[in-house]
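Visitor: I would like a close look at a single part of this structure. Please take me through it in one connected answer.

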Amino acid sequence: MPVVRTEAIALGRTDYSDSSQIVTFYTRDHGKIRALAKGFKRASGRHSSKAVDLLSQYQIFFIKKEQTSLHTLTEAVLQNNYPILRNDLDKYYRASYMAELTNEFTVENDPHEQLFDILTETLAGISTDHYPVLRSLVFEIKLLKILGYLPDWGCCVECKSRIQQAAGVYFSAKDGGGVCKRCQMKSPRGIVVPPGAMLIAGRLAEMNLQRLDRVRLHLSVCIEIEKMLRYYIAFLLNKELNSWKYIKV
Ligand SMILES: [Zn+2]
């Protein structure tokens, strides 16, 4: 069986035995994979160099199994463990949320190289940025876009007219887009969103991450967009995410 090498971020892990774990990685070349990591569990003693840390980037080597979705990890070489994240609880929870989102929205062996790159850039950005709220917000929107869930925030889903960025605009998760005031009155649905929230979210979806440092968005605007996204994500996944308990909106 072939040994495969790829870049990977550790998203989650569960115990398998006293000395082994099953680690979920998001990889550049194979998308999400699960790998049995034998002898990788102990964080001290002679196996210390083999422990896999969550939210760290590795170059991994694994034996790719064709008959099962559980592969075998043979080596994990640490590339970046984003040390600043480990010393700042808010940043750590925010990064954990990015990992949870990636895990929940992806299926195994379905690679999206762009998503991998944005995940690593976002972890680095959250780690070093003094204002990580915008970083995580843009990651949520980019993930939705890459995986084909980006709503139509520009036009009414019903009558296709351009959404007027005024009071009384609605967003319907079920319809995947904005609803104008007139259509909303005919057939009520969704949640009301503040003027401009959908317009700004749509612009962030198209934004180059390298230009994010220059963007100044008031915290209250970020909060309104985040509320809208959580409502939409909860609808898509049919549940609330664990990380939401730890990150204030
Ligand atoms: Zn309409």
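Is cysteine 159 buried, partly exposed or exposed? Please go on from there to its surroundings.

Guide: This is a predicted model. Cysteine 159 is partly exposed, because its relative accessible area is 32%, which falls between the 20% limit for buried and the 50% limit for exposed. Its SG atom is one of the donors to the zinc ion, together with the SG atoms of Cys156, Cys180 and Cys183, at 2.3 Å. The angles subtended by the 4 donor atoms run from 103 to 117 degrees, so the arrangement around the zinc ion is tetrahedral. For comparison, the ideal angle for four tetrahedral donors is 109.5 degrees.

Along the sequence, the donor residues follow the spacing C-x2-C-x20-C-x2-C. Cysteine 156 belongs to strand S6 (residues 152-156) and cysteine 183 to helix H5 (residues 181-186), so this pair ties together parts that are 27 residues apart in sequence. Cysteine 156 and cysteine 183 are both buried; for cysteine 183 the relative accessible area is 3%, therefore under the 20% limit. As for disulfides, the structure holds 0.

Arginine 135 counts as buried because its relative accessibility is 12%. Its side chain makes a polar contact of 3.0 Å with the side chain of aspartate 129 and another, of 2.7 Å, with the side chain of aspartate 213. Beyond its neighbours within four places in sequence, arginine 135 is in contact with residues including Thr122, Gly125, Ile126, Leu209 and Leu212.

Notes. Residues numbered from 1 in each chain as written. Predicted model: local features only at pLDDT ≥ 70, side-chain atom pairs only at ≥ 80, totals over all residues. Heavy atoms only, no water. Buried < 20%, exposed > 50% of the residue type's maximum accessible area, 1.4 Å probe, protein only. Contact = heavy atoms within 4.5 Å. Polar contact = N/O pair within 3.5 Å; in protein donor to acceptor, adjacent residues only side chain to side chain. Disulfide = S-S within 2.5 Å. Donors = N, O, S within 2.8 Å, 3.2 Å for Na, K, Ca; no water. Tetrahedral: all angles 85-135°; square planar, octahedral: opposite > 155°, others 65-115°. Helix = DSSP H or I, 4+ residues; strand = E, 2+ residues; numbered from the N terminus.
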